[in-house]
Amino acid sequence: MSSLINIQTPNVTGKKYWRSLNQLADTKEFRDWVHHEFPANATEMLDGNSRRTVLKLMAASFGLAGLAACNRPVEHILPNSAGTEADNYLPGEPFHFATVMSIGGHVTGLLVETHDGRPTKIEGNPDHPHSLGAATAIQQAIVLGMYDPDRSAKVLQSGKESTWPALEAAVQKLSLGDGSGLRFLSGFVSSPTLDSQRTAILKKFPKAKWVEYEALSRDNELAGANMAFGQPLYAHPKWDKAKVVVSLDHDFLNLDAPTPFFTLAFSKRRRVGSEEDLDKMNRLYAVESQFSLTGANADHRMRMKGSDVLQFATDLAAALGAMPGLNVVNNGDKRGKFLAAVVKDLKAAGPEALVVAGPRQPASVNALVALINEKLGSACVTYTKPVIDKSNSGIDALKALAGEMSAGQVSTLVILSGNPVYSAPADLQFPVALSKVATSIHLGAEEDETAAAATWHIPEAHILESWGDEASSEGAASIQQPMIEPMYGGKTPVEIVNWVTTGKFTKSHDIVKNFWLAQFTGDKEQAWRKALHDGVVAASKTVDPIKVTVDTKKLATALGAATKAASTGIEVGFYPSSATWDGRYANNGWLQEAPDPISKLVWGNAAMISPKLARDQKLTDGDIISLTRGNVKMEAAVMVQPGHADDAVSISLGYGREKCGRVGKDVGANANLIRTTDGFYFAQGFTLAATGKRETLATTQERGTGDNQNGRPLAREADVEEYKKSPKSIEEMSEVPEIHSIYPEFTYDKGNQWGMAIDLTSCTGCNACVVACVAENNTPVVGKDQVLRGREMHWIRMDRYYSGDENDPEVVEQPIPCMQCENAPCENVCPVQATSHSPEGLNDMAYNRCVGTRYCANNCPFKVRHFNFLNFHRHEPELVGLVYNPDVSVRMRGVMEKCTYCVQRIEETKIKAKRDGRREIKDGEIKTACQQTCPAEAIVFGNINDPNSRVAKLKKQERNYAMLAELGIKPRTTYLAKLRNPNPELTA
Amino acid sequence: MTLDELKDKIGIGEDKVYAAMGAFDNPDDLVEAGRKIREMGYTKLDAMSPFPVHGIDDAIGVPPSKLGWIVIWFSAMGAATALLLIWYVGAISYRLVIGGKPFFDFSYSIPVTFELTVLFTAFATFLGMWAINGLPRLYHPSFNYSQSHRASDDLFILVVEANDPKFNPQQTAEHLRSVGAGDVEVVEG
Amino acid sequence: MSAVLQDPQLMEVNPPLVRSEDYHDLTEQISVIVEGDVVKTPLKYWITLAVTASVTGILGLMLAYLVSTGIGVWGNNRPIGWAWDITNFVFWIGIGHAGTLISAILFLFRQKWRTSINRSAEAMTLFAVMCAGIFPLFHTGRPWRAYWLFPIPNTDLNLWQNFRSPLIWDVFAVSTYFTVSLLFWFTGLVPDLATLRDRTASKLKQYIFGALSLGWRGSARHWRNYEKAYLILAAISTPLVLSVHSIVSFDFATSVIPGWHTTIFPPYFVAGAIFSGFACVMTLLLIARWTLNLQNLITMKHLENMNKIILVTGSVVSYAYATEFFIAWYSGNIYERFTFLNRAFGPYWWAAWSMYTCNLLIPQLFWFKSMRNNLWVMFIISITTNIGMWFERFVIIATSLTRDFLPSSWGYFHPTYVDMLTFAGTIGLFLTLFLLFARFLPMIAISEVKGVLAVQKHTFKDEEVVAHDLR
Amino acid sequence: MAVIFPKSSDIILKVAGAVAGIGAVIAVAAFTYYTYPTVIDTGYQPVQPVPYSHKLHAGQLGLDCYYCHSTVYKAAFAAVPATSTCMNCHTQVKKDSPRLEPVRQSYATGKPVPWVQIHRLPDYVYFNHSAHLSAGVSCVSCHGRIDQMIEVHQEKPLNMGMCLECHRDPAPNVRPANLVTKLDWVPDRDPREIGAEIVAQKHLEPPTNCSGCHR
């Protein structure tokens with residue numbers, strides 16, 4: 001592949017671009033193959049029935065490969081004609097660039113690794129306050145999206161292919177006048193540049209309007225503050241300060257936080273490094289409907305319908321005496337006991353207490369939470385004014401816009417990077433409204449539902465291709481810089497806004513740079529370069545928190561006005577998808593195949609219901625039900641979720657995309673069909689009916705129904721108090737006899753001895769490590785059909801075990817990489833010495849020696865060895881091949897593969913050390929991909945031969961144990977038992 | 001040497017008398033006759049039978065088989081080969097740490113050693129047997145005997161070879177008839 | 001013995017092994033089948049052959065598809081890395097044990113009755129091992145690299161085989177076993193080939209048999225060495241045959257997987273192998289006996305003796321089952337216990353119970369003489385036994401893998417049509433080869449049977465012997 | 001009638017057997033020889049777009065390897081020089097030699113000169129130039145006397161056996177780091193001694209386990 005790339009120099013100031021891929025993308029061959037060749041393979045990848053046909057193709061090509069091997073193919077080296085020395089460019093060596101991305105109003109700084117000009121991996125930016133080096137699964141996976149051959153590549157006019165000149169003419173023709181017919185519809189605006197453009201436009205066109213709409217947004221947070229304090233404010237929970245955290249339907253560890261930041265901060269008081277940490281450990285109460293990751297990590301969890309949370313919040317406030325005149329309901333004993341315990345705990349914690357409300361909970365709940373925190377005198381939350389105006393944002397704004405549109409008052413609508421036709425509430429009839437707009441210009445990354453409906457569609461540049469900027473809710477801004485020229489000539493929002501309103505096209509680089517140069521003082525150019533390099537703009541002012549107090553009178557009236565929906569019939573809750581968010585990442589194979597942390601569901605969503613509801617309705621996993629309410633209706637397969645609230649259905653948004661790339665098309669069910677403005681996040685009064693139809697749901701666990709540990713001491717846990725009393729209890733959970741080998745044992749006492757410790761206490765079970773591993777080690781995406789056959793290839797997988805009552809189960813999540821056993825059972829049985837041990841204690845796997853007997857996988861007690869049953873990589877278009885990490889071989893069919901502790905990183909670092917003339921590697925100098933990205937720092941890798949290394953220290957803890965040690969295999973990967981911190985009053 | 005001698009040597013010389021041969025219809029008679037003929041002083045005797053006739057060896061003085069002694073050496077060679085191979089592969093050619101086991105150890109060498117021993121033994125036995133018997137051989141003078149094709153069916157043939165010092169065509173044929181042989185012929189080839 | 005055979009009543013009870021007037025008659029009986037020109041080969045033979053041959057063709061197709069596409073065309077998955085492939089391997093290897101056992105061990109024990117069945121049993125062994133060999137070769141992900149399994153000197157990478165791996169032991173065991181069985185079988189065949197050579201009139205056949213029989217002329221000297229060689233081969237084949245299935249069982253016994261990691265496997269597997277092997281010989285013999293009218297050569301006595309062995313080995317296997325459960329319980333190891341409970345009552349209960357029924361219960365019928373002598377009963381039991389033994393291997397291999405240590409990685413196995421057709425294909429190959437053998441080579445060791453006949457003649461003396469004129 | 005094969009058949013059989021045996025031996029020997037890495041891999045000498053003479057540049061003119069292959073000390077790959085590097089001199093020297101036309105072309109158009117790769121390792125082998133140079137392994141060890149080649153050809157087999165040989169006993173191939181590009185270096189004493197000292201002093205432990213080179 002690389003020979004296709006005419007290597008040029010990376011340029012930190014970004015004046016020059018990588019042209020090569022762009023040129024490649026323009027060649028006819030390239031287009032042909034994108035449009036004709038790939039589909040066959042793609043459908044093949046996903047559709048079991050057509051498997052054979054394409055497998056035949058593979059057969060043919062296999063034959064050819066055999067022939068080609070006979071004589072030596074001529075390989076060309078193509079150096080660039082310009083100099084390389086000048087800007088210290090090293091072919092094959094990785095470069096890192098800082099950039100930033102924003103999802104649903106959460107901004108995270110990223111670090112992008114590029115090889116020879118192609119972005120290959122995304123990590124968090126250690127210098128960015130919201131990342132500190134960590135990144136979520138979605139953030140890491142967007143790099144694959146950049147190489148997605150299904151991305152929008154051409155201008156569309158009313159869904160048909162058009163040309164740039166045609167569009168240009170149309171834009172020139174626009175008569176905007178005073179802007180009375182001009183409307184902008186964008187996502188959550190967090191870009192200072194874009195905001196400044198907006199202000200300018202609204203000044204230039206006084207009658208114009210700019211609406212912000214996100215399918216999943218932070219609007220309720222602002223509205224809540226507005227209700228409580230009389231002004232919209234962002235709440236900033238200080239998770240790391242809180243000793244007692246009560247989460248009211250806030251999945252801040254996973255779905256409701258598309259940023260590693262919350263986990264990062266929360267886990268600070270969850271990690272147990274030493275004795276005193278045991279006392280510092282925080283306690284988490286979760287109140288929620290769906291079984292979320294936050295619920296799974298909570299020490300106590302109360303399940304209730306989303307609509308009942310308001311009442312719970314009211315009762316909590318009342319119990320704390322926060323405000324008179326709250327209508328308290330008589331609590332059932334269970335709920336009452338829980339509430340009492342929570343109140344007591346909160347009071348005790350005082351300033352260290354923190355109550356948070358989820359973005360899916362209405363303003364009223366958010367307001368009450370603000371009230372409660374104030375009453376508690378919590379020092380764990382601060383409020384800031386939005387640096388970027390949010391006055392015309394949210395569902396009501398969209399409703400108004402839709403009204404105008406259908407009333408024909410909108411002549412020009414500019415839709416900036418969003419897919420409202422798919423994501424707008426059903427009752428707004430957005431497609432109809434859109435059809436009433438004379439000129440609608442849609443900027444989008446894919447040819448989606450909106451692209452087809454709008455009069456004009458413009459391909460949008462990928463984050464890694466575009467200049468831009470994002471400011472966090474506190475105002476910390478970062479510059480978004482491209483690593484590569486837009487492969488499909490995509491444009492960015494700032495470019496389009498500028499173009500439409502001024503009529504002349506300016507490159508986003510100039511727009512953004514000019515905006516920031518205006519902000520800078522002193523050596524502007526230097527400041528600009530520094531901002532690009534660091535990934536954070538030093539000059540950008542982070543607004544200081546403001547002191548506010550709740551206006552209880554106003555709040556009381558507001559609460560009275562807040563209509564409490566009658567809780568009759570089934571409640572349906574709408575959730576973000578851990579894979580596709582709101583649907584924008586539906587075409588990303590890495591994410592589609594990353595299992596949902598709780599349900600382990602891949603390649604689709606399901607209507608989650610409680611076991612009780614399932615029994616009442618006689619439903620089992622895979623039964624397709626219909627959900628009806630008024631004139632909205634959808635069908636979806638059910639999945640029984642232990643611990644789910646009764647009489648409630650939870651369903652992820654972001655599936656059932658009709659106009660989408662081949663990967664995400666028609667995967668799962670579209671929940672937007674029953675999402676309405678009056679029940680935006682959860683709605684009452686649905687009727688649930690079985691359709692008799694069935695669908696096979698693919699999960700990465702429970703194919704052999706292993707949903708609990710069957711009383712085996714695998715993922716071990718204990719309560720903090722117990723653990724303090726008898727630390728030995730963890731080790732004693734399994735009886736390890738004295739094992740004497742008949743052979744002299746090998747001693748691994750010299751040099752580096754790599755080992756890993758995984759802390760189950762701080763691990764939340766988010767998929768960050770899984771995706772990090774996929775990106776780092778080129779593990780293939782196999783598709784739903786193959787997952788159903790049990791052939792997914794993740795080198796590190798997240799095991800999830802339930803325990804206890806099916807209605808209120810406890811969950812433990814356990815990441816399983818290769819244990820790198822010193823006496824590895826897999827090595828003994830390989831007939832061809834394809835897997836053996838390195839002097840540094842690694843269980844090496846030589847793919848090129850493997851003949852594929854699969855004996856090693858059979859003999860692996862942890863089943864962490866993965867076999868290439870088919871040539872999975874052959875399904876991928878050459879373009880996707882560009883995302884591969886060149887430091888790791890791409891495995892062919894018929895060979896075994898497994899976690900290597902990222903041996904490529906180990907070797908790189910050792911060589912670097914050798915170049916610098918040192919022998920020993922500093923602790924933490926080598927980070928495995930999973931460790932590097934883990935926001936909870938649950939995974940620690942290092943030299944166990946060095947007593948001062950972090951990993952060695954962790955392994956010294958009493959709660960450190962090796963899984964299946966009784967087999968005498970001496971695993972190098974050990975676990976630190978999960979410690980829970982339950983409230984004694986509730987456990988008693 | 002002369003061409004004829006050479007021809008003889010490589011077995012394409014002129015036909016000459018090979019032996020006097022006579023047939024019996026059951027093994028007991030053959031053994032009986034064999035003993036008698038031997039008593040007459042013949043030493044270069046042989047018999048042809050459809051199955052091993054017990055007692056015939058002593059009767060006509062066939063020495064015991066030496067096969068066993070040859071084979072035993074090959075068995076030893078088999079075992080040695082296996083152990084050397086495993087030792088070389090594990091401890092010399094490429095010392096790889098596998099499953100924490102030693103580079104060479106008898107414990108895990110046993111199965112392969114045994115199998116190779118058996119394999120070598122089997123080949124030694126098979127090839128050795130044919131070698132000692134001077135087979136494969138497509139032609140043999142005895143095939144010229146009119147009844148030789150029944151030696152693999154139901155006839156038991158006694159052979160007095162021509163290189164027997166006491167051999168004399170007419171006389172020997174007589175002796176054969178006298179011990180009850182049928183179809184007595186002096187065979188050339 | 002002689003006394004018994006002279007007594008007419010007792011003769012019914014203990015009939016002579018060979019019912020034949022004399023040697024030539026015997027030669028006729030066996031040779032006519034091969035020569036075919038005297039007695040026309042029945043049409044049903046050719047039809048059967050056509051069917052089995054075409055099934056073998058399917059095997060070829062399936063293997064081509066497998067190699068060109070990948071193991072993914074089978075149902076194997078994670079955690080079930082081995083399923084039908086290795087099950088079939090062990091199944092066929094097991095069947096392959098009877099032949100050598102009959103020829104070698106029974107030979108050493110001087111069991112005269114073996115003579116009329118050992119030839120076909122040995123042939124069956126060869127064919128079974130061929131079928132078995134297919135699976136370890138093609139179950140590799142990269143069969144075109146399978147030669148790495150053999151110690152071929154490689155100048156490039158000084159990397160060889162891992163002699164710690166039972167799979168390598170297997171390679172040596174199976175290839176040795178096949179080679180030795182082949183030599184053994186051919187050695188036995190040579191005198192009979194000579195017989196055919198001497199009988200046939202067709203020049204072509206003369207050349208073929210002439211070459212194959214290596215110029216055998218039945219010389220007393222040759223017989224001497226020949227018998228010695230045969231004895232040695234028998235002597236080494238006996239431990240060999242026991243070692244092969246022991247080593248196959250090491251594949252599992254030396255692993256760590258509960259249900260595999262069991263020290264009783266070697267004897268248990270060997271017994272099972274003999275059990276299934278004899279059952280298979282029985283099936284084939286009965287068919288041959290009917291279709292080729294060999295009642296005179298394969299008598300009730302042979303069959304009954306075989307049934308006794310089936311009963312014994314079957315009981316040994318049953319005992320092994322019991323032991324497994326006891327050990328699992330007695331070990332107190334939660335993984336072991338679970339595995340065996342899971343075997344009997346887990347998702348694969350049906351496989352386990354069909355195995356118990358076929359291998360443990362049904363053969364007990366052979367305690368009754370009437371059953372041992374009933375052709376239908378023994379035919380059906382021989383079939384069920386083989387079904388049962390296939391299930392035994394499947395239960396041990398696949399179901400142990402479906403649920404091992406980590407519940408998170410538990411799985412279930414669904415065979416694909418390729419799995420099934422491949423297995424069917426090997427059966428086709430097996431039958432095809434056997435049919436060809438039965439038609440074109442002497443199914444019964446002529447010279448050996450004659451040896452037995454000679455002994456009988458000794459005892460029956462003159463009243464039995466019909467003088468044969470020499471002209 | 002019982003005689004099927006003529007009397008002469010035996011000698012024929014013997015001769016045939018002998019011939020077959022010898023033939024087999026020859027066949028095996030030939031196969032081994034022609035598949036021997038040093039035989040199939042060495043001597044590969046493709047035609048280059050520009051007849052660049054290493055003998056002239058590196059040998060007679062004495063350009064240091066590092067002048068053109070500038071990344072060897074820092075990177076895994078030894079970069080082939082940019083056209084601009086050539087033009088540093090060839091804007092003055094041999095300005096309009098027809099044989100340099102492709103180079104000038106490239107310089108003008110920015111299209112790279114399609115040099116043909118000679119020393120090539122399989123994709124699953126991760127060789128790192130910087131690591132070996134910093135250890136003191138000279139270019140000669142793998143590339144031979146490039147400075148004596150007019151047109152470069154592959155001199156060493158570059159097979160796994162060759163790598164292992166040196167990784168197991170690096171001493172003979174290790175020299176002071178400042179001399180690695182000095183292809184014509186003649187040590188004043190036994191190079192193995194010198195190497196052994198450096199190995200000891202730098203604590204060189206070249207990996208011989210799989211992941212040392214295969215990842």
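A salt bridge is taken here as a side-chain nitrogen of Lys or Arg within 4 Å of a carboxyl oxygen of Asp or Glu. By this criterion, the structure holds 80 salt bridges over all chains. The structure is a predicted model, in which local features need pLDDT of at least 70 and side-chain atom pairs count only at pLDDT 80 or more, while totals for chains, interfaces and linings use all residues. Residues are numbered from 1 along each chain as its sequence is written, chains are lettered from A and ligands numbered from 1 in the order in which they are written, and side-chain values use heavy atoms, with hydrogens and water left out.

Side chains of opposite charge can pair when their charged atoms come close. In chain A, Lys724(A) and Asp279(A) form a salt bridge with an N to O distance of 2.8 Å. This pair links distant parts of the chain, 445 residues apart: Lys724(A) lies in helix H24 (residues 720-725) and Asp279(A) in helix H9 (residues 275-280). Helices (H or I, at least four residues) and strands (E, at least two) are DSSP runs, numbered from the N terminus.

On the surface of chain B, a nonpolar patch is formed by Trp69(B), Ile70(B), Ile72(B), Trp73(B), Phe74(B), Met77(B) and Ile132(B), with about 770 Å² of accessible area together. Patch residues have over 30% relative accessible area and no salt bridge; like charges are joined within 9 Å, and nonpolar side chains (Val, Leu, Ile, Met, Phe, Trp, Tyr) within 5 Å. Accessible areas come from the Shrake-Rupley method with a 1.4 Å probe, and for residues only the protein chains shown count as cover. Helix H4 (residues 67-93) of chain B gives the most to the patch, with six residues; Trp69(B) is found in this helix.

Several backbone features were also identified. A cis peptide bond, with omega about 0°, joins Leu135(B) and Pro136(B). Pro136(B) is located in the loop between helix H5 (110-133) and strand S3 (156-161) of chain B. In chain C, the peptide bond from Arg78(C) to Pro79(C) is cis, with omega near 15°, and Pro79(C) lies in the loop between helix H4 (43-69) and helix H5 (84-108). Gln429(A) is not a glycine, yet has a positive phi of about 50°.
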